[in-house]
Amino acid sequence: MGLRKMCRGSLMSKIIIGRYIPGDSLVYKMDPRGKLLITILFILAIFLANNPITYAIITFFCFLAIIATGLKARVFWNGVKPLIGLIFFTSLLQLFFMTGGHVFWHWWIFSISSYGVENAIYIFIRFTLIILISTVMTVTTMPLEIADAMEWLLKPLKIFKVPVDKIALVISIALRFVPTLFDETLKIMNAQRSRGADFNDGGLIKRAKAIAPILIPLFIHSLETAIDLSTAMESRGYRGSAGRTKYRVLNWSKYDLISLAYFILLVGLLLIFRTH
Amino acid sequence: MSNDNAIEFKHVKFTYPDSKKAVLKDVNFVVKKGSWTSLIGHNGSGKSTISKLINGLLLPDENSDSKITVLGTNVTAENIWDIREKVGIVFQNPDNQFVGATVGDDVAFGLENRSVPRQEMIKIVRNVLSEVGMLEYIDSEPANLSGGQKQRIAIAGILAVEPQIIILDESTSMLDPSGRKQILKIIIELMKKKQLTVVSITHDIDEANMADSVIVLNDGEIIDQDSPVKIFNKTTMLKQIGLDIPFTNKLILALDKSGVSVPQNLRTKDELKQYLCQLNLKI
């Protein structure tokens with residue numbers, strides 16, 4: 001049991017869905033719909049910043065949000081870490097290829113100019129802030145809540161005859177089966193290992209071939225599960241999403257007003273100090 | 001049409017669309033209201049098909065004079081939804097019938113389908129969860145529950161919509177002995193409290209032994225329906241169609257072989273115990 005949990009833990013930690021960390025701070029009490037909306041708007045607001053003051057303001061607001069989660073700094077570092085290569089690569093491109101302003105250094109097609117330095121720093125800050133603020137969202141909201149929030153945001157699409165209820169049911173069933181399928185994958189891998197399969201050795205082609213004995217049983221298992229589940233759903237009276245009531249509902253709280261005011265203040269400050 | 005019959009099968013034939021061989025050939029049986037009926041038979045004898053026919057997940061062959069009546073209503077394509085209101089099925093695999101992302105969601109699924117208002121749902125969900133002893137797990141996710149717990153949630157989900165008939169389609173076959181005992185205990189309690197009719201499809205002889213009536217199925221035909229004591233006395237018949245017999249009967253057979261004959265009418269566990277104790281005194 002302990003071993004199974006450990007294995008699942010390591011598998012799960014690589015994907016975002018396992019990254020929810022339970023807690024009880026201010027951000028946790030917010031409605032997921034509010035969090036999702038404000039996260040998206042915050043990312044857009046980052047592009048409003050265009051001078052040192054506005055960048056300082058938005059960085060400050062982002063760090064306030066991080067502090068409000070009450071989580072350790074390590075969590076956010078782990079969010080940034082996998083993308084650090086990309087951040088540096090983009091910043092360096094800006095640094096060496098951006099021309100204009102005072103030129104400090106020049107060689108062949110490379111040059112370092114005052115514009116370049118400025119832009120490299122801005123890009124670096126933008127990238128980091130986007131990752132940090134989305135980490136705030138994903139670590140403090142359960143996947144299920146994110147799915148609920150997405151359903152709510154998609155609701156206006158009903159006008160265009162998009163089957164939002166069905167999509168929501170699909171998302172919630174998909175999320176519910178993520179751990180089950182992980183368990184199943186692990187079981188299949190162990191079963192194949194116990195008769196000699198090797199998943200970590202050999203070249204690219206050999207490894208790709210080793211995946212087949214995992215994938216085929218997993219597909220079959222998924223289809224069988226789907227058939228069983230649909231039979232069970234039907235026998236419990238499911239006949240399409242029309243006329244269904246909802247057990248799980250989301251409630252706006254005063255914390256959502258606080259975060260909205262926080263965001264409006266941020267945008268206001270950005271607009272005031274922004275240069276045109 | 002007598003009113004104390006919960007389920008009636010008359011000349012029911014059923015063939016799966018992709019096969020030529022009929023799974024059920026002329027099946028006739030009656031389940032009394034408020035009784036516990038067990039359906040036994042070897043693998044592939046058509047037991048699960050019967051459970052799916054009862055609530056209209058499958059419909060019998062069109063060009064036959066099959067007639068299925070559930071609580072006075074004929075099962076036809078038009079009224080399967082009314083039937084499903086009255087019949088709840090607990091399936092075999094606890095993992096594959098868990099719809100909701102949490103326990104509460106799953107129990108509420110049937111209520112959501114019936115457009116029950118949310119406030120009522122919350123009350124009902126809490127009630128039925130406490131009936132199966134799972135109230136403290138209301139926010140748990142299925143990955144953190146054992147198989148037995150998942151089956152209890154499945155029972156709660158069915159109780160929530162207040163059916164009159166519960167079908168256990170090999171519901172305990174994937175559970176460990178303690179999980180199995182717990183589920184059966186809960187079902188027996190609920191059956192008494194709520195006047196439920198229970199149909200259990202099973203390989204488990206002890207589960208079949210708890211029934212009021214046992215139906216024996218062999219290759220799509222019903223070969224016997226009687227009380228468990230009488231059915232399990234027909235050891236030769238059961239062995240012929242490849243079924244196991246309860247421990248008591250095995251013991252009687254073994255005693256017979258070694259020369260101790262037990263009277264035909266003493267077949268329950270307690271009766272046998274008493275008889276053997278008396279025998280011991282005489283010696």
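The model is predicted, so local features need pLDDT of at least 70, side-chain atom pairs count only at pLDDT 80 or more, and totals for chains, interfaces and linings use all residues. Residues are numbered from 1 along each chain as its sequence is written, chains are lettered from A and ligands numbered from 1 in the order in which they are written, and side-chain values use heavy atoms, with hydrogens and water left out.

A search of the whole structure gave 2 cavities of 30 Å³ or more. A cavity is a set of points on a 1 Å grid over the protein atoms alone where a 1.4 Å probe fits but cannot get out, and its lining residues have an atom within 4 Å of a point. Grid points are joined across faces, edges and corners, and a volume is the space filled by probe spheres set on the points. The largest cavity has a volume of about 60 Å³. Its lining is made up of Ser235(A) and Arg236(A) together with Arg84(B), Val87(B), Gly88(B), Ile89(B), Gly110(B), Arg114(B), Gly157(B), Ile158(B) and Val161(B). S6(B) gives the most, with 3 residues. By class, the lining holds 4 nonpolar, 4 polar and 3 charged residues, where Ala, Val, Leu, Ile, Met, Phe, Trp, Tyr, Cys and Pro count as nonpolar, Asp, Glu, Lys and Arg as charged, and the others, Gly among them, as polar.

The second largest cavity contains about 50 Å³ of space. Ala232(A), Ser235(A) and Arg236(A) line this cavity along with Ile89(B), Phe91(B), Gln97(B), Ala154(B) and Ile158(B). Helix H9 (204-235) of chain A and H5 of chain B each supply at least two residues of this lining. The lining divides into 5 nonpolar, 2 polar and 1 charged residues.

In chain B, 6 strands form an open sheet with mixed pairing, in the order S6-S7-S8-S3-S9-S10. S6 and strand S10 (221-226) of chain B are the edge strands, each pairing on one side only. The twist averages 20° from one strand to the next. Two strands pair if DSSP finds at least two bridges between them. S6(B) runs parallel to strand S7 (residues 165-169) of chain B and is joined to S7 by 4 bridges; here Gly88(B) has Ile166(B) as its bridge partner. S7(B) and S8(B) are also parallel, with 5 bridges, and Ile166(B) is partnered by Val198(B) in S8(B). Strand S3 (residues 36-41) of chain B is joined to S8(B) by 4 bridges, again in parallel. In that pairing, the bridge partner of Trp36(B) is Val198(B).

Strand S8 (residues 197-201) of chain B is largely enclosed by the rest of the structure, because 5 of its 5 residues are buried. Buried means under 20% relative accessible area, exposed over 50%, and partly exposed in between (1.4 Å probe, protein chains only). Both faces of S8(B) are covered, with Thr197(B), Val199(B) and Ile201(B) buried on one side and Val198(B) and Ser200(B) on the other.

Asp224(B) lies in strand S10 of chain B and is buried, with a relative accessible area of 14%. Leaving aside neighbours within four places in sequence, Asp224(B) is in contact (heavy atoms within 4.5 Å) with Val214(B), Ile215(B), Val216(B), Ile231(B), Lys234(B) and Met237(B). The C-alpha atoms of Asp224(B) and Met237(B) are 9.9 Å apart, and the two residues are separated by 13 residues along the chain.

Helix H1 (residues 47-54) of chain B is mostly covered, with 6 of its 8 residues buried. These are Lys47(B), Thr49(B), Ile50(B), Ser51(B), Leu53(B) and Ile54(B).

Most residues other than glycine have a negative phi. His11(B), not a glycine, has a positive phi of about 50°. His11(B) lies in strand S1 (residues 5-14) of chain B and is partly exposed, at 38% relative accessible area. Gln195(B), also not a glycine, has a positive phi of about 55°. Gln195(B) is found in the loop between helix H6 (177-194) and S8 of chain B, and counts as exposed at 63% relative accessibility.

Technical notes
On a 1 Å grid over the protein atoms alone, a cavity is a set of points where a 1.4 Å probe fits but cannot get out, and a pocket is an open set with protein on both sides within 12 Å along at least five of seven lines; lining residues have an atom within 4 Å of a point. Axes are lines fitted to C-alpha atoms, for helices over the stretch in contact, and angles run from 0 to 180 degrees between N-to-C directions.
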